[in-house]
Amino acid sequence: MRNSLWIVLAGALGCDSLWSSSLIPNPQRCEVTPDVCPQGHVCDMATGRCLATTAAAPSARCSPPWRTAQSPAGFTGSAFVISTSTVEDVVSIALGDLDGSGTLDLAAAGNQGTLWSFLGSGTGQFTAHNTNTLGGPAAMLRLADLNSDGRRDFLVSNIGLRQVHTILAAGDGGFGMASVRAVANLGGALAVADLDGSGGLDVAAALDGTNGWSVLLGDGSGGLAAGRGVPNSRALSSLVGGDFNGDGTVDLATIANGESSVYVYYNRDNSSQTYMRQEYPLATGQYAYGITGGDFDCDGRTDLAIGTTGNNRIAVLFGNGQGGFPASVSLSTAAEPRELVAGDVDGDGATDIVFFDQYGDLYVVSSRGTRSLSTPPQRINGATATASLQIADVNKDGRADLAMVEQYKSLRVLLNTTP
């Protein structure tokens, strides 16, 4: 697909390019991570299916709006406790179809190594289903179909034992066969994408210190091969995959917390996983903390949004589809942005940015499909986030809903009620 592939750590959805009427059936709902869509297709948030793209004019490349007004988005929801322990905090959650029902389920991981699975009802409610344990503290949880059976499997970074765990979905939403791959200097952050062009899913794992990140190639049955290191001079904290130069391969955008640059690794050779690193400095006084990807100006090319500390701003780097980000804008925020996700939450067809700040307050930055952003960010009342913000349509009404960890012991799901 033309510069529309983006695999974001928190999951993402939004406008990628104009959709034709050609539908490609897909056993997985694709609205959480669009990596399941074949080449030349993008994910339709409303149906969870892949749609063929066309080469329409840039001004027409936003997804079809489900409303025409540009009033603020609205949300409603409630929290539910998933850990009554006084010692274990929930550090990461993910959404995906665990049992093949076509409805999004939810998984969570704790800092003492507990894993939880919850089955979704399709109405925004989730029921506790199963638990498992890693034997060490989890840092990040991802869901991806690692063995092509139509169900999302569990992928977890265990920073205590320096291991990446893959646990196949059992078929009923529980935990099946597990395997472990030791990764020296494992830092915690993970991204899932087809890194070698084989058609299967692989893993990019951030490393600590000055070790960069590691490529872990999937074997198609749920296992991961030994990693190949890609050096970087900083400890990377976030990874975002996407085709940033239009060559049909997955590149990787990365940040290191507190650093004033974005590092993009361009995939030069699928077969050997050879990458060329390019540094893109942020404006003076901006220090990266969170990152997400999406087409924020509706030109069919992948852009990057970065939450920055120091001067408390959201910076957007607009991609040119040829391996560069020549234009940028930034927007002031009330406090330090921490974690960002992208999706159309106000229904106008353009990809917006949702983030929480250092105090846990949630905000929406609305895009108009051009290189301008709403001012100021809109506060989402009734919830606070402490980790792992997610965005997806959990009740199948075509609107982008939110899920997050709240106060480390609970999950909150906010349903999008925008008319």
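This is a predicted model: local features need pLDDT of at least 70, side-chain atom pairs count only at pLDDT 80 or more; totals for chains, interfaces and linings use all residues.
Which residues of S28 lie on one side and which on the other, and are they buried or exposed? On one side are Asp361, Tyr363 and Val365, on the other Leu362 and Val364, and all of them are buried, so that both faces of S28 are covered.

## The protein as a whole

The secondary structure comes to zero helices and 32 strands. The protein has 419 residues, and 60% of them count as buried. Take the contacts between residues at least 6 apart in sequence: 49% of these join residues at least 24 apart.

## Strand S28 and its partners

Strand S28 covers residues 361-365 and is mostly covered, with five of its five residues buried. In a regular strand, side chains alternate between the two faces of the sheet. S28 pairs with S27 in the antiparallel sense over four bridges. Across this pairing, Phe355 stands opposite Tyr363 in S28. S27 and S28 form a hairpin with three residues between the strands, and Gly360 in this hairpin takes a positive phi near 90°.

S28 also pairs with strand S29 (residues 378-384), again in the antiparallel sense and over four bridges. Here Tyr363 stands opposite Arg379 in S29.

Another part of the model holds an open sheet with the strand order S14-S15-S16-S17 and antiparallel pairing. Strands S14 (186-193) and S17 (228-230) stand at the edges with a single partner strand each, so one side of each is left without a neighbour in the sheet. From one strand to the next, the twist averages 25°. Strands of a sheet pair through backbone hydrogen bonds, in either a parallel or an antiparallel sense.

| Strands | Bridges | Facing residues |
|---|---|---|
| S14 and S15 | five | Ala193 and Asp202 |
| S15 and S16 | four | Ala205 and Ser214 |
| S16 and S17 | three | Val215 and Arg228 |

How many of the residues of strand S15 are buried? Six of the six residues of S15 (residues 202-207) are buried, so this strand is largely enclosed by the rest of the structure. Both of its faces are covered: Asp202, Ala204 and Ala206 are buried on one side, and Val203, Ala205 and Leu207 on the other. S15 and S16 form a hairpin with five residues between them, and Gly209 in the turn has a positive phi of about 60°.

## Two residues with positive phi

Positive phi values also turn up in residues other than glycine. Cys298 has a phi near 60° and is found in the loop between S22 and strand S23 (303-309). Gln407 has a positive phi of about 55°, and its place is in the loop between strand S31 (401-406) and strand S32 (410-416).

Gln407, at 51% relative accessibility, is over the 50% cut-off and so counts as exposed.

## Around Leu317

Leu317 lies in strand S24 (residues 313-318). With 8% relative accessibility, Leu317 counts as buried. What is Leu317 in contact with, leaving aside its neighbours within four places in sequence? The contacts of Leu317 are Val262, Asp303, Leu304, Ile306, Phe325, Ala327 and Ser328. Ala327 is ten residues from Leu317 along the chain, and the C-alpha atoms of the two are separated by 6.1 Å.

## The largest pocket

Rolling a probe the size of a water molecule over the atoms shows where empty space is left. The largest pocket has a volume of about 750 Å³. Its lining is made up of 36 residues, and those nearest the centre are Val91, Met140, Glu339, Ala387 and Ser388. By type, the lining residues divide into 19 nonpolar, 13 polar and four charged.

Which strands supply at least two residues each of the lining? They are S6 (90-96), S10 (138-144), S14, S22 (287-294), S26 (337-343), S27 (352-357) and S30 (387-392). The largest share, four residues, comes from S10.

How values were computed. Residues are numbered from 1 along each chain as its sequence is written. Side-chain values use heavy atoms; hydrogens and water are left out. Two strands pair if DSSP finds at least two bridges between them. Axes are lines fitted to C-alpha atoms, for helices over the stretch in contact, and angles run from 0 to 180 degrees between N-to-C directions. Buried means under 20% relative accessible area, exposed over 50%, partly exposed in between (1.4 Å probe, protein chains only). Contact means heavy atoms within 4.5 Å. On a 1 Å grid over the protein atoms alone, a cavity is a set of points where a 1.4 Å probe fits but cannot get out, and a pocket is an open set with protein on both sides within 12 Å along at least five of seven lines; lining residues have an atom within 4 Å of a point. Grid points are joined across faces, edges and corners, and a volume is the space filled by probe spheres set on the points. Ala, Val, Leu, Ile, Met, Phe, Trp, Tyr, Cys and Pro count as nonpolar, Asp, Glu, Lys and Arg as charged, and the others, Gly among them, as polar.
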